[in-house]
Amino acid sequence: MEIKLADPCGFCFGVKRAVDLAFTAGKKKIHGATLGPLIHNPQLCAELAEQGIACKDTLEQFDAAETVIIRSHGVGPEVYAEAKAKGLPVIDATCPFVRAAQQKAAKATRDGYLPIIVGEKNHPEIKSILKWAGKTAICVEYIEDITDIPRKDKYAVIIQTTFELQKFEEILAALQKERPGEYRVERTICTATAERQQAAIKLAAEVDAFVVIGGRNSANTRHLYDLVSKVCPVAYHIETADELEPAMLSNYPTIGITAGASTPDRLIKEAIIAMENENFAELLKQQEEVEIYTGKVVEATVIQLDKDGVYVSFGYQKDGFVPYHEWEQGADAEELKNTIKPGDVVEVKVVAASGKSDFIQMSKIKAERDAAWKTVAELAEGEKRPATVKVLRIIKNRTKNIVGLAVAVEGVEGFMPASHVELKRVEDFTPYIGKELEAEIIEVDLEKKRIVVSRRDLLRAKREEYFAARAARIQAAREARAAAEEEAFNSIEEGIIVTGKVTKIVEFGLFVEIKKGLVGLVHNTELSWNRNAKAEDVAQVGDEIEVYIKNIDREARRVALSIKATQEDPWTAKAKQLHVGEIVECQIVRILSFGAIAKITDRIEGLIHISEIAEERVEKVEDVLEVGQVVKAEILKIDLEAKKISLSIVRAKHAAEEAEYSSYLDNNEGLTQDLSDQFNR
């Protein structure tokens with residue numbers, strides 16, 4: 001696997017300046033905090049917190065006289081005014097490019113231009129620029145946003161420093177087309193951002209896969225990912241090397257790497273090492289030189305003294321610091337100052353190593369305690385051995401941040417890193433002091449007098465065992481449900497009525513368990529012959545109801561049920577009470593071009609065809625009938641399946657006439673049968 005690093009990548013000038021200002025404040029032990037995250041990188045913000053520089057969201061959270069560190073994205077002018085009014089000192093870490101954009105936006109407003117800020121609406125940099133631009137300023141993130149811009153004579157366009165240049169050009173072209181006028185275009189995109197984008201695009205075309213490193217809340221990192229993913233389809237955005245997995249990159253010969261402008265070099269190096277250690281032996285060597293493990297004894301030269309302790313040089317990238325109480329047991333600091341001289345060579349022991357601290361915490365006292373190490377056995381590479389350890393104390397670095405626990409193990413003092421105590425982050429280590437814990441010795445270096453223990457793999461094994469057991473239980477339950485469901489499916493058939501229990505009421509119907517492990521759905525359309533019926537009106541959870549099995553979809557494992565099908569159609573029930581030839585009194589409810597609809601009962605309607613309205617030809621139904629009119633009609637036909645009834649006013653009249661003449665004939669014997677036949681139509 002070949003790994004190629006985009007050049008340039010990582011920290012830009014503005015971010016480096018902000019980080020240097022913040023860490024310098026921490027080193028000087030200035031009581032302060034950043035107003036919002038200094039940069040969009042969670043790992044670096046966490047390191048700052050360990051240095052004593054926390055992150056606060058509002059000025060109200062700052063203590064009296066506490067220093068406010070303005071984030072690299074900048075803030076509005078009102079923040080400076082409020083800080084001054086509260087008497088809060090300010091360290092301004094605003095990126096110079098952002099500051100330039102703020103000033104150009106303010107000047108545009110003063111010069112009578114409508115400021116248009118192109119960038120991400122929710123990005124803190126955009127919010128700060130809008131504050132400087134005034135109330136009339138408008139943010140445009142997409143071309144669609146142009147419709148919100150009022151028509152003016154003069155426009156000033158300012159770009160977010162980390163915005164994608166190509167996208168900006170597209171928005172600008174559309175803006176000038178839709179809103180013609182005089183334009184002042186301030187191309188305030190950071191040159192470092194543009195350079196990183198161009199370098200990433202170029203490299204993306206040369207590799208098989210690409211990794212972009214940086215905070216997910218970082219706009220410039222997201223833009224880098226968007227750009228390279230268009231060129232190299234296999235692209236990943238990660239925050240730290242912990243997110244990398246072998247399967248992600250194992251099949252790709254060449255891997256490209258870049259990082260956002262707010263990504264520390266340390267995270268880039270860790271990602272490279274994690275991908276292919278054997279190809280980066282030199283980087284590993286450098287890493288080893290930077291990380292001075294707890295317990296290492298070195299020969300050091302005194303270079304300086306101050307009121308707190310002694311600074312020593314021992315051939316590493318960082319100097320060491322020995323507090324006076326770690327130089328000589330019970331000695332007075334003022335007396336020690338008279339006996340220690342620059343140039344003195346002493347052996348000291350590392351007691352709190354951290355690549356994040358400016359100095360390595362060391363002890364001369366502990367360097368003199370080596371006898372017990374003779375009883376400690378070596379540990380083969382890759383080997384671990386179980387051990388019961390007792391927690392002695394909490395180990396903190398120079399800035400009082402916890403780095404781990406000192407533990408008694410195999411007769412010596414060992415070190416358990418904070419991240420190896422539990423699988424999740426521990427906020428308070430105090431309850432661990434004095435406790436005996438089951439752990440594993442993962443590293444023994446007799447030369448460095450270093451023994452490192454960990455509980456992480458033991459806890460992971462227990463967790464994996466727990467999850468494996470739970471997964472087995474879930475799988476067994478799933479298989480049991482599947483078996484029960486299969487058995488239930490085999491015991492039912494379409495077209496039968498069964499009794500089931502309502503298990504759930506939802507917006508679209510009822511779920512009913514008809515067999516153990518088998519639940520079907522009664523859709524709203526199958527609840528009742530009353531179309532307005534709602535599920536909760538038909539049944540409640542726990543009710544036993546009769547349902548008709550309408551459809552079984554074995555492939556989709558679904559069963560469609562119907563309550564309506566278990567009931568007789570009210571229309572059919574009413575229609576069965578009627579008979580062909582019966583004369584009914586009905587009311588005209590609708591006029592059609594080919595006839596009229598007449599209501600026979602509340603539920604039953606019939607059709608009077610235009611040919612059955614009158615003896616004579618009817619051109620328009622409305623000339624003969626009107627809505628609301630009550631007429632008598634004879635039932636010509638009843639179609640129960642199609643739910644249709646045919647009526648005839650003509651036949652009803654004939655029937656009435658026949659009845660009248662029959663009655664007349666019955667009462668007048670002198671009339672002949674031939675005459676009666678004339679009326680028998």
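**View 1. The lining of the largest cavity has 8 nonpolar, 11 polar and 1 charged residue.** Here Ala, Val, Leu, Ile, Met, Phe, Trp, Tyr, Cys and Pro count as nonpolar, Asp, Glu, Lys and Arg as charged, and the others, Gly among them, as polar. This is a predicted model, in which local features need pLDDT of at least 70, side-chain atom pairs count only at pLDDT 80 or more, and totals for chains, interfaces and linings use all residues. Residues are numbered from 1 along each chain as its sequence is written, and side-chain values use heavy atoms, without hydrogens and water. The largest cavity has a volume of about 210 Å³. Of the 20 residues that line this cavity, Val15, Ser72, His73, Thr162 and Asn220 are the closest to its centre. On a 1 Å grid over the protein atoms alone, a cavity is a set of points where a 1.4 Å probe fits but cannot get out; a pocket is an open set with protein on both sides within 12 Å along at least five of seven lines; lining residues have an atom within 4 Å of a point. Grid points are joined across faces, edges and corners, and a volume is the space filled by probe spheres set on the points. Helix 1 (13–27) and helix 8 (219–231) each supply at least two lining residues; helices (H or I, at least four residues) and strands (E, at least two) are DSSP runs, numbered from the N terminus.

**View 2. The second largest pocket has a volume of about 630 Å³.** Of its 28 lining residues, Pro323, His325, Val351, Gln361 and Lys396 are the closest to the centre. By class, the lining has 10 nonpolar, 7 polar and 11 charged residues.

**View 3. Five strands form a closed barrel in the order 23-24-25-27-26, with mixed pairing.** Two strands pair if DSSP finds at least two bridges between them. Strand 24 (residues 509–515) and strand 25 (residues 518–523) pair in the antiparallel sense over 6 bridges. The bridge partner of Val512 in strand 25 is Gly520.

**View 4. Val310 lies in strand 14 (residues 309–313).** Val310 is buried, with a relative accessible area of 0%; buried means under 20%, exposed over 50%, and partly exposed in between (1.4 Å probe, protein chains only). Val310 and Pro342 are 32 residues apart in sequence and 9.3 Å apart in space, C-alpha to C-alpha.
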